[in-house]
Structures are given as C-alpha cells and as structure tokens.
Amino acid sequence: MSKIQEVAEAVEKGKAKLVGGLVQEALDEGCDPVEILNQGMIDAMGVVGEKFKNNEIFVPEMLVAARAMKKGVEVLKPHLASGGTSSAGKMILGTVAGDLHDIGKNLVGMMIESAGFEVIDLGIDVPIEKFIEAVNENPDATLVGCSALLTTTMPALRDTVAALNEQPFRDRIKIMVGGAPITQAFADEIGADGYSEDAASAAQLAKKLAATA
Amino acid sequence: MTSRERVLAAINHKEPDYLPMDLGSNVSAGISGQAYANLKEHLGMKEGHTRIYDVVQQVAQPEECVLDLIGADALDVARVYNEKDSDWYDVTLSNGKIGQWPAWFQPVKTADGGYDVYQDGVLIARMPKGGMCFDQMIFPYKEDYPDNYDDLDHAMGQVLWSALVHGPWDHMKDFPTEDAFYADLRERCLKLRASTDRALMITCGCNLFEWGTFLRRMENFLMDIYAEPESVEELIEQLMVRHLHTLEKTCAAVGDVVDILRFGDDLGMDKNMFMSAEKYRELFKPYHTKLNEYVHTHSHMKTFLHSCGSIYGVMGDLIDAGYDIINPVQTTAYQMDPARLKKEFGKDITFWGGGCNTRSVLNHATPEEVYEYTCRMIDIFHHDGGFVFNTEHNILPDVPPENIMAMYRAVQNARK
C-alpha cells in the first residue's frame, strides 16, 4: 500500500493520532503535497460522505474522519505552494437570525471543509446584513450556506435568501440552504440554488454548485 | 373506565373502553405557551392563565378546562408545585400574547429584545428576540473531560436543563433537606391523586447519552463514543450514581402514587440513529436496563422513554432494557414507518405519540388534512391497546388552533 493510501485509510477510519505522522512520512518519501491532500484526504472524505449517505456509517464516524483529516492538514499546510488548502473555493456559512442552533450547521461546515473549501462560519443568530457584509468582504466567496433548525425560523431563512437575491453580487454566488424542517420544495420556493438533507450531501452539492458559480 | 384505568389498560396491552389521549403529561408531550394562548383565544376561554412551567422549551401547563374539553387522560405531577397565583408573573410572549413564567425564573431582557439567563455571573441560557425556547450557552466539559469528577454536580448545575428544571424539581431547593422535599412531594402527589382520575406522570430524566452531549457538546461527545469509549463509560458511571439516587428517593416517595416515570434520552435523528445499534448495546443499554430494573423493582410505576428520531434499529433493545412506553414516535424519521412499528413491536411496548406529525402536518396542512392524517395514524396504532394518543412532540407556536382542534376531532371520532 502506498503512503498516500495509508493516509487515506487512516482518514477514513478517523485515526486522528496516526494521520499527522503518516502525512509526514509521505512528505519524507517525496510525495506531492497536493496529491496527499487530494487523494489522501479529500477523496477519502468523499468515500466517508458516500458511506454516510448510504447509512453504512453514523455521524460520529464522519466526525472522527473529518477531525483526522484536520490533523493531517496541519502537517501538510506549510508544504502547499499557496500555504492554503482551499482549492475548491470559499463559502460563507451561518444559522439565520433568531435561531441559535449550530450542530447541523457545524457538521456541514466540517464536511465542506473536508471537501477542500475554505469555510467562513458566521455562527448562529446571524442577521441578514451580516451575511451580505461577509459576501462583500470576501469577493472570492462563491457559496453562501444558510441554516434554520426550527419551523419558526423558516421565515427568517426566507427573508435572508430574499435579501441575498436582491444584492448586486447575486450572480457570483450560489445559495445553499438546509436544516431539519427545510425541504427541496421550500428551497425552490424561497429562491435558493440548492438544498441538501445532510452534511455529506451538502459537501457534494457545494462541489457541484461551485463548479457552476 | 376512569382516565387512569384507560391509560393503564393501554400500557398493559388490553383494549381500553376507548382511545386514551394525552396533552401535557410531560414536557415533550405538551404545547408551547404561544400555541396554548392562541388555542384558548380561539376557544373563547378568557379565564385562567397561560402558565409556562417548562421555561427551557416554553411549554405550557394545560388547565383543567382545556383537558376536560379535549378529554385528556394524564397529568404531569409538576403541577403540584407553583399552585398559587403569586408563584407566577405575567410576561409578553413572542407572539404578543400574555403568558406567565414561574416567579423563580428571572431572565434578563437584552437590548435587542431577547432574554439571557445568568448563574453566578455566567451566561448559561439565551432566547433570541422572537424566540420560542432557551438554548444552552455553556458546555462545561467542552474542552476535555475533567481529571476527576469532584465538580460534576456543579457542572451539571450550569446546564440549563438542570439549572432551569421544571416542576416538581424546581422547588427542591426550597427545602432544608432532600428528605423534606421528598416528604412534601409525596404529600402533594397524594392530594393530587385524590383529586383526579387522570393517570399521573413524573419526569425523572436520568438521561445518559444526552448528559454527555450537554456536558461535552454534541460533536465532541459523538466522537468520544467512537474514539474514547472508556471516557464515555467513566462519565456514565458517575451519572448513574446520581440517577440511581434520584430514582431511589422518587420511588420511595411516590412509587405507589404516580403511575408512570418518564425517562429521556434522544437516541435518534431524522436520518438515522446517532450511533450504531452495536455502540448503543455496548455503552448505553446496560445502564438503561439498570434504570428500568430499579423502577420496576421498587415501585408500581411504568417506565416511559422519550427518544426523538429514528430508533427503529434499537427498538428491540429498548424493549429488552425494560421500557414500557416509547415517545414521541417520530414516524417520519428513517425506518420509523408506523405500520411496521406497530406490527413488529406493538405487542411489547406502548406507543405514546405518533398521533400527528408536528413538523409538517399539524403546522402546515389544512384542518381537513390534519383530521384525515390523524384518523389514519389512530387506525394504525390504536388496535389491541398499546397506544396513548399524543402528537409527535410538543405543539409548536406556529400551529393554527383550527388544526389542533381538527386533530382532537379525529380523537373524538375514534372514541365513538
């Protein structure tokens, strides 16, 4: 098994303590850092996401894999040409105003990061203006993700998307929405570009939308 | 049959005289203060108050006039405390209606119209402007497990579910000793027992998985279950000491008065369980079994588990562990098809819930659709006992009163 395959296996199994060392060994062997990132980690997380979607593994297994990848990225980062790992793009993420829930949103952030994106997490109870401000401050952001956990904060999600849709930057971003009560039909109705029902699907959707943004 | 006999018949899997039903027997089978105030206005009930006895979830304590109208068969013994008008004060709810909070609950109104709760200067809970519930703001073991558990009681006390606990536990601190509280609780429950035919429920929580998530934060504790199971087990052992103590005192005080003891531990999400069935069996089932055994050996009470989400994968294990009742039966979660649940587990456990979906039907459908949906669920669950009608979790603020009454018309129809 190649060193990169070993990295991939350790990421998939969530072996946080091993990944850093394996990445260092791969670098010492002269492996290309970009290859270690793409094949050893991002692809491995793709496999993890797919298994989660198919109900072959559970949320904690996805979380430990993402945590393991993070350990590997720490070792890898100084060796990447740009010093960054956000090859796929940049996303602004947050839970809408009036909603303090972030477990699902954090999972989405983690999986999207694991797919190679840089995620700017605005946190919880995010006012509409803060979303707009963040997109303006990050001209390279191509995705905006808005989350609502409560049926009672669905209107705030609607308002947030409506406001983003009015902005001059609308053409350069794609808007993703999610949260327990949200459906594809609701996402369509409020004018979002995409909806996904779980964190693994969100990462796949982010890749797809970023490619067309 | 009295209400109590009706509920107990259902739990004993005997066909009751008619469909037993519940609103408000515990804080996950009730109605939010906002929805309750709307309902009373719709019904033209001007007397009484919207008293919010679970301040965390902002759940109301339904009054006798409402329970009589809908024919409810069970009560939460929380109501033995905060009986006087002076135990409550008026508050304007997010929908503009007037409700009441318990006198002991004094959150600080923030500049933007939300509410914060502090304990010893530490922000422990927050409800944003226009909010419907308080959320946890401090996770005592978020960074790591402690070196020892000397401070566990203090750490648990900072978590809103403990710091802002509902009745009867909200009055425990008023008594000079623990025994004095339990003696008073017994006296009050006996009085309630003598005054009502309804079945009585007491909430003891005794959560294990959930306490892990409250202390460590959800993401961390979920990872611990897979990456650090020995730390998880150590924490559970510590929690068990406290939970078994609560059960010992509760069973001794009211085990012959109260009919049902409610436990809680959310094991599922919409899409699946939080963990595999194997992990549940390894880490949690042995302790859930001990909790049930204690109650069954030391009282007459039936045991009730509140667990949201998809739990089909461990239904057999929960029955093995000794639970008599499962709630809220989230029928739209993964693998939770109601007909299959009834067919496979209906003889061995009572479904307390599942009567109407609160996520998309009760709040968003028309009254006619709600009525038809509810009739369908009753048809699936009610035969051969083993069913107490209840919604799939609390009725939330956005539910139109017309829909609530359409749901109860379906219950009345099933009772003919």
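How many salt bridges does the structure hold over all chains?

Mentor: The structure holds 37 salt bridges over all chains. A salt bridge here is a side-chain nitrogen of Lys or Arg within 4 Å of a carboxyl oxygen of Asp or Glu. Before we go on, this is a predicted model, in which local features need pLDDT of at least 70 and side-chain atom pairs count only at pLDDT 80 or more, while totals for chains, interfaces and linings use all residues; side-chain values use heavy atoms, without hydrogens and water. Residues are numbered from 1 along each chain as its sequence is written, and chains are lettered from A and ligands numbered from 1 in the order in which they are written.

Let us start where the two chains meet. Between chain B and chain A the count is 3 salt bridges. One salt bridge pairs A:Asp102 with B:Arg217, at 2.7 Å from N to O. A:Asp102 sits in the loop between strand S1 (89–95) and helix H5 (103–114) of chain A, and B:Arg217 in the loop between helix H7 (209–216) and H8 of chain B, so this pair joins two chains. Helices (H or I, at least four residues) and strands (E, at least two) are DSSP runs, numbered from the N terminus. Both A:Asp102 and B:Arg217 are buried; buried means under 20% relative accessible area, exposed over 50%, and partly exposed in between (1.4 Å probe, protein chains only).

Another salt bridge links B:Lys271 to A:Asp198, with the closest N and O atoms 3.2 Å apart.

Now look at the surroundings of these pairs. In contact (heavy atoms within 4.5 Å) are 26 residues of chain B and 25 residues of chain A. Together the chains bury about 2300 Å², with 68% of it on carbon and sulfur atoms. Buried area is the accessible area (1.4 Å probe) that two parts lose on being put together, summed over both.

Next come pairs within chain B. B:Glu63 and B:Lys40 form a salt bridge, their closest N and O atoms being 2.9 Å apart. B:Glu63 lies in the loop between strand S3 (59–60) and helix H3 (64–70) of chain B, and B:Lys40 in helix H2 (residues 33–43) of chain B, so the pair ties together parts that are 23 residues apart in sequence. B:Glu63 counts as buried at 17% relative accessibility, and B:Lys40 is buried too, with a relative accessible area of 6%.

B:Arg359 and B:Asp270 also meet in a salt bridge, at 3.1 Å from N to O. Here B:Arg359 is in the loop between strand S15 (350–352) and H14 of chain B, and B:Asp270 in the loop between strand S12 (260–264) and helix H10 (277–283) of chain B, so the pair ties together parts that are 89 residues apart in sequence. B:Arg359 counts as partly exposed at 30% relative accessibility, and B:Asp270 counts as partly exposed at 30% as well.

Finally, find the group formed by B:Glu278, B:Arg281, B:Lys285, B:Asp317 and B:Asp320, which are linked in a network of salt bridges.
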